[in-house]
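Here is a quick tour for anyone meeting this structure for the first time. Have a look around, then read on.

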Amino acid sequence: MSYSAGKTVWERLPRPARILAPMEDVTDSVFRRIVARAGRPDLFFTEFTGADALFTKARRSVGKRLQFTAEERPIIAQIWGNNPENYFRAAGLIREMGFDGLDINMGCPMKKIIRKGHCSALIENRSLARELILAAIEGAGEMPVSVKTRIGLHSVKTAEWCSFLLELSPAALTVHGRTSAQQSEGCADWNEVARVVALRDEMGRATRIIGNGDVRSYVEADEKRERFGVDGVMVGRGIFENLFIFRKDGRNYGALSAEEKIGYFRRHMELYHETWGERRNYEVLKKFVQTYIREFERSTELVDAIMQTHAYEEADELLDRFLAERGRPVAPVFPA
Ligand SMILES: Cc1cc2nc3c(=O)[nH]c(=O)nc-3n(C[C@H](O)[C@H](O)[C@H](O)COP(=O)(O)O)c2cc1C
């Protein structure tokens, strides 16, 4: 594909753009396809992928994070790590794979990762952060490179950190309005996100600013654009509460019948099995149970029972029994 033939994916996005956040063990190819059908965001991200691991024997296992289908486009691959040479190589690989862009994770707060100087630790290591971004830009050619970050490591450092990043002119900057130390605690500070928008404008950069943190509905994207001037919002955990969060018609997943919700879950199980086989553990699939099986009579009981299972067949049997007890069809119901 040619990136130079027109605008980049970031330039083509509507304002406000609604983006599904990268989430490890959640936003894999399977979940992205389900979300694409349930209510499509303007842009998808992969789970974060170790740039170093891509060039070791671990490539086979880590490579599944970069698997995608046409239905999931436009899609950005997210990488992490702290070796510039591997960023350069990873960017080339990702471009060849046909991704619409590359994103660098400078926000993950996991202690074991920060201790090694990766992700949000880079907020306090600007010379390496610069090297990594420049290496990615060089390797990416015409493919756009963006950064996802937080407003500080231990304390709020929005202005220093984000003006430094903006100097490097990334195609987009996603700002999660919390410090790394805050993890997911408290509320995201959108005034700090607005500060980045103001910085971008003062500096006269074209970088798209995407706000992230606690967005829970479709209309909130418009509100955030109005109040804080962002070009778009990124939604993470909000998708677990309402699988239809990206639907313009305002329909809520919670309003579906139990049969329809079970249909969605079954479709996820089928796709998961078909796509990953033994490559991803059944136990990881259980993370999704509560996203689908919710807000109907005896749903909590059903969730508890599914959480006790250890194989697809067991879960399938449980669902069949549940539906039979309700006198409803056993066949899966899923929107075509
Ligand atoms: C289970 C889970 C996994 C995550 N994995 C990633 C990841 O791989 N890369 C990343 O940049 N952020 C990751 N995040 C952070 C989210 O992308 C997002 O920044 C954060 O959840 C705040 O947004 P929210 O309030 O809409 O959930 C993850 C979050 C969760 C809950």
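## Inside the core

Set aside the neighbours within four places in sequence, and Leu243 is in contact (heavy atoms within 4.5 Å) with Phe31, Ile34, Val35, Ala38, Tyr253, Tyr264, Thr291 and Tyr292. Leu243 also belongs to the largest nonpolar core, which has 93 residues; Leu243, Tyr292 and Ile293 have the most contacts inside it. Helix α11 (residues 258-276) gives this core its largest share, eight residues. Another core lies apart from it, with twelve residues, including Trp10, Ala17, Ile19 and Leu43.

A nonpolar core here is a set of buried Ala, Val, Leu, Ile, Met, Phe, Trp, Tyr and Cys residues joined through side-chain atoms within 4.5 Å. Buried means under 20% relative accessible area, exposed means over 50%, and partly exposed is in between (1.4 Å probe, protein chains only). In soluble globular proteins, nonpolar side chains tend to be buried together.

## How to read this model

This is a predicted model, where local features need pLDDT of at least 70 and side-chain atom pairs count only at pLDDT 80 or more, while totals for chains, interfaces and linings use all residues. Residues are numbered from 1 along each chain as its sequence is written, and side-chain values use heavy atoms, with hydrogens and water left out.

Helices (H or I, at least four residues) and strands (E, at least two) are DSSP runs, numbered from the N terminus.

The largest pocket has a volume of about 700 Å³. Of its 31 lining residues, Pro22, Met23, Pro109, Lys148 and Arg150 are the closest to its centre. Strands β2 (44-50), β5 (145-150) and β8 (232-235) each supply at least two lining residues, and β5 gives the most, with three. The second largest pocket has a volume of about 270 Å³. It is lined by 14 residues, and the closest to its centre are Glu11, Pro144, Ser169, Pro170 and Ala171.

What counts as a pocket? On a 1 Å grid over the protein atoms alone, it is an open set of points where a 1.4 Å probe fits, with protein on both sides within 12 Å along at least five of seven lines; lining residues have an atom within 4 Å of a point. Points are joined across faces, edges and corners, and the volume is the space filled by probe spheres set on them.

## Salt bridges

How many salt bridges does the structure hold? There are 28, each one a side-chain nitrogen of Lys or Arg within 4 Å of a carboxyl oxygen of Asp or Glu. In one of them, Asp231 pairs with Arg200, with the closest N and O atoms 3.0 Å apart. Asp231 sits in the loop between α9 (220-228) and β8, and Arg200 in helix α8 (residues 190-203), so the pair ties together parts that are 31 residues apart in sequence. Both count as buried, Asp231 at 5% relative accessibility and Arg200 at 8%.

Arg326 and Glu259 also meet in a salt bridge (3.1 Å, N to O). Arg326 is in the segment after α15 (312-325) and Glu259 in helix α11, 67 residues apart. Arg326 is partly exposed at 30%, whereas Glu259 is buried at 9%.
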